Amino acid sequence: MPELPDVEGFRRFFARHAQGRRVIRVTAPDPQVLRGTSVQGLGRALHGRRFAAPRRHGKWLFAPTDDGPVVALHFGMSGRLEWSSDGSGRHRHDRLVFVLDTGELRVSSMRKLGGAWLARHERDLADITGPLGPDAKTATREQLAGLLAERRGGVKSALMDQAVVAGPGNLVVDETLWRARVHPARPAASLSADELAAIHRSLREVLEGAVPRGRVPRDDDWLTGVRDVADPRCPRCGAAVRSDTVAGRSTRWCPDCQPETA
Ligand SMILES: [Zn+2]
């Protein structure tokens with residue numbers, strides 16, 4: 001499921017292929033991905049315009065054009081971008097296609113895509129995204145500590161909430177809490193200043209390791225690396241990794257490194 005590092009990879013991909021390129025037309029093999037607009041509406045708004053530099057906030061990708069409309073993309077469960085310079089190789093999972101003067105940028109998704117929206121102006125984006133916290137890549141320690149301290153629920157649930165901090169998903173959060181040695185069900189409001197600092201530092205480390213690769217790495221010394229193996233062991237201490245549903249999501253943690261009560 002695309003999280004901040006994946007969407008950062010999509011941003012780079014979009015910039016490499018589509019930035020500065022002119023839109024010839026838009027097709028939507030799956031019109032259901034279009035939210036609040038139609039393929040005709042999107043095509044009319046974008047026709048003849050050039051894409052400017054794309055931006056990311058959390059898991060959102062914003063693709064502004066040179067003078068006005070902005071396409072907002074959310075990749076949902078399994079969305080991704082594809083490029084074809086000669087228009088060949090269409091795939092049945094292609095949901096939305098931007099036909100540019102140099103080739104086709106395709107939004108593809110095996111499962112349901114989050115969606116594509118059209119904002120007439122930058123100022124309309126907040127209505128589309130709903131409340132978003134600061135981006136996880138740049139959130140300061142004070143911001144994060146303040147946001148977590150106000151929360152009633154568990155720390156994993158808080159970190160997954162895009163209105164608290166934008167970008168983390170299931171893998172980033174599990175990895176962050178494992179590095180910070182904090183149990184995922186700990187009440188967010190009960191965290192000590194040291195634990196909050198560790199969470200902020202760990203989140204930074206996880207993103208610094210993951211963003212350049214455009215995904216959360218499955219390295220041997222990452223918790224993600226043992227996520228789906230039989231009999232997973234903590235890469236740090238060797239204890240058997242625990243697995244259960246926390247905050248409604250399949251969660252992994254080390255019972256030795258992340259005791260339930262600090
Ligand atoms: Zn451990």
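Axes here are lines fitted to C-alpha atoms, for helices over the stretch in contact, and angles run from 0 to 180 degrees between N-to-C directions. The model is predicted.

**Exercise 1.** Which strands does helix α2 lie across, and at what angle does α2 run to β1?

Solution. Take helix α2 as residues 39-46. This helix lies across β1 and β7. The angle between α2 and β1 is about 170 degrees.

**Exercise 2.** State the strand order of the open sheet, and find which strands stand at the edges.

Solution. The four strands are ordered β1-β7-β8-β6, and their pairing is antiparallel. β1 (23-27) and β6 (79-84) each have a single partner strand, so they stand at the edges, with one side of each left without a neighbour in the sheet. From one strand to the next, the twist averages 20 degrees.

**Exercise 3.** Check the span of helix α1 against 1.5 Å a residue, then describe its setting.

Solution. The expected span is 1.5 Å times one less than the number of residues. Helix α1 (residues 4-18) lies across β6, β7 and β8 (103-109), at about 20 degrees to β6. Of its 15 residues, 12 are buried, including F10, F13 and F14. Just after the helix, G20 has a positive phi of about 80 degrees.

Conventions: Residues are numbered from 1 along each chain as its sequence is written. This is a predicted model: local features need pLDDT of at least 70, side-chain atom pairs count only at pLDDT 80 or more; totals for chains, interfaces and linings use all residues. Side-chain values use heavy atoms; hydrogens and water are left out. Two strands pair if DSSP finds at least two bridges between them. Helices (H or I, at least four residues) and strands (E, at least two) are DSSP runs, numbered from the N terminus. Contact means heavy atoms within 4.5 Å. Buried means under 20% relative accessible area, exposed over 50%, partly exposed in between (1.4 Å probe, protein chains only).
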